[in-house]
Amino acid sequence: MVFLFIGGLLALNSWNQPFLLYAMAWIFLGMMLLLVPNTYPADPDTGTHESANTKQASLKPIFITSCIAMTFFFSGFVVLPITMEHSGYTEDKIGLFLAFVSLMAVITAHFLPKIYTRFKDKGSLSFAFCFYALSHAAYYFGENPYILILGGIFSGVGFGLSIPLLNHITVERSLPRQRGKNLSYFAMAVFLGQFLTSFMEFIPGSAQVAFAFVSVAAGIYFLYIVTLFKGKSNA
């Protein structure tokens, strides 16, 4: 949230100044060397409870859903600066709006445990993709600033209900000996989703068409989520 806003301010001076934010990695490197321990406590989940013959349930649908959820969310971050600039917004205002979207995601993720307790996997993810569809529909009509803000709220809610929950599902359904590997696959799927947004510019038509495309795609994937968790126990 902070870096998105600062990036917008730096962009007012020059297009390449936002890349200076990556220099913060040196500070985080120092923090890691000073604060992160080199050893970890023993995992209480490992030991006699897990048989060597226990099979790991397939998590491919979860990884695919993670990739697509991030693609839907990050599409706004790729296309919005283009459409907002055409509407007369300056770089700092664009950065502030993107930070606002991230703030909505953080707030929603804070309430995710209570939402998950009520609606479980199927309900929470269904809501997420409904909000993704609504957010891009709002972005499509984003000339009105109030509709644009509403789209930002919907997009943040969609992220807060999807990526943290999919992370939780990955941990919950992983055997202890495979948990690290599965979380690595999850991270790869999420960042692959960011990469796939690069192809939004190949969608024919104006940038607004990309919003319509993602809105329809999110609606279709909502139906897949309903089918994916149909009849499965969420206990």
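1. Overall make-up. This is a predicted model, and the chain contains eight helices and zero strands, so that, by the DSSP assignment of runs, the order of elements from the N terminus reads α-α-α-α-α-α-α-α. The C-alpha trace spans about 65 × 50 × 35 Å along its principal axes.

2. Burial and contacts of the chain. Of the 235 residues, 38% count as buried, and the chain exposes about 13,800 Å², of which carbon and sulfur atoms supply 70%. When contacts between residues at least 6 apart in sequence are considered, 81% of them join residues at least 24 apart.

3. Helix H8. This helix covers residues 207-228, has 22 residues and reaches 31 Å from its first C-alpha to its last, which is close to the 32 Å expected at 1.5 Å a residue. Its buried residues are Ala210, Phe211, Val214, Ser215, Ala218, Tyr221, Ile225 and Leu228, and seen down the axis of H8 they fall within an arc of 135°, so they line one face of the helix. An α-helix has 3.6 residues a turn, so residues three or four places apart point the same way. On the other side of H8, Val216, Ile220, Leu223 and Thr227 are exposed, and a reader may wish to look at these side chains in the display. What covers the buried residues of H8 includes H3 and helix H5, the latter made of residues 112-140.

4. Threonine 83 lies in helix H3, which runs over residues 60-86, and it counts as buried because its relative accessibility is 10%, under the 20% cut-off. Its side chain reaches the backbone oxygen of leucine 80 at 3.1 Å. If neighbours within four places in sequence are left aside, threonine 83 is in contact with Ala207, Gln208 and Phe211, and Phe211 is also one of the buried residues of H8.

5. The salt bridge. How many salt bridges does a search of the whole structure find? The search finds one, formed by arginine 173 with aspartate 121, whose closest N and O atoms are 3.2 Å apart. The pair links distant parts of the chain, since arginine 173 is in the loop between helix H6 (145-172) and helix H7 (179-196), whereas aspartate 121 is in helix H5, 52 residues apart.

6. Lysine 120. This residue is found in helix H5, and it has a positive phi of about 60° although it is not a glycine. Lysine 120 is partly exposed, with a relative accessible area of 31%.

7. Serine 102. Helix H4, residues 91-110, holds serine 102, which counts as buried because its relative accessibility is 15%, a value under 20%. Leaving aside neighbours within four places in sequence, serine 102 is in contact with Met1, Leu4 and Phe77.

8. Phenylalanine 19 and tyrosine 146 are 127 residues apart in sequence and 31 Å apart in space, C-alpha to C-alpha.

Note on methods:
Residues are numbered from 1 along each chain as its sequence is written. This is a predicted model: local features need pLDDT of at least 70, side-chain atom pairs count only at pLDDT 80 or more; totals for chains, interfaces and linings use all residues. Side-chain values use heavy atoms; hydrogens and water are left out. Helices (H or I, at least four residues) and strands (E, at least two) are DSSP runs, numbered from the N terminus. Buried means under 20% relative accessible area, exposed over 50%, partly exposed in between (1.4 Å probe, protein chains only). A polar contact is a pair of N or O atoms within 3.5 Å; within protein, one must be able to donate a hydrogen and the other to accept it, and residues adjacent in sequence count only if both atoms are side-chain atoms. Contact means heavy atoms within 4.5 Å. The expected span of a helix is 1.5 Å times one less than its number of residues. The arc is that of the directions from the helix axis to the C-beta atoms. Accessible areas come from the Shrake-Rupley method with a 1.4 Å probe; for residues, only the protein chains shown count as cover. A salt bridge is a side-chain nitrogen of Lys or Arg within 4 Å of a carboxyl oxygen of Asp or Glu.
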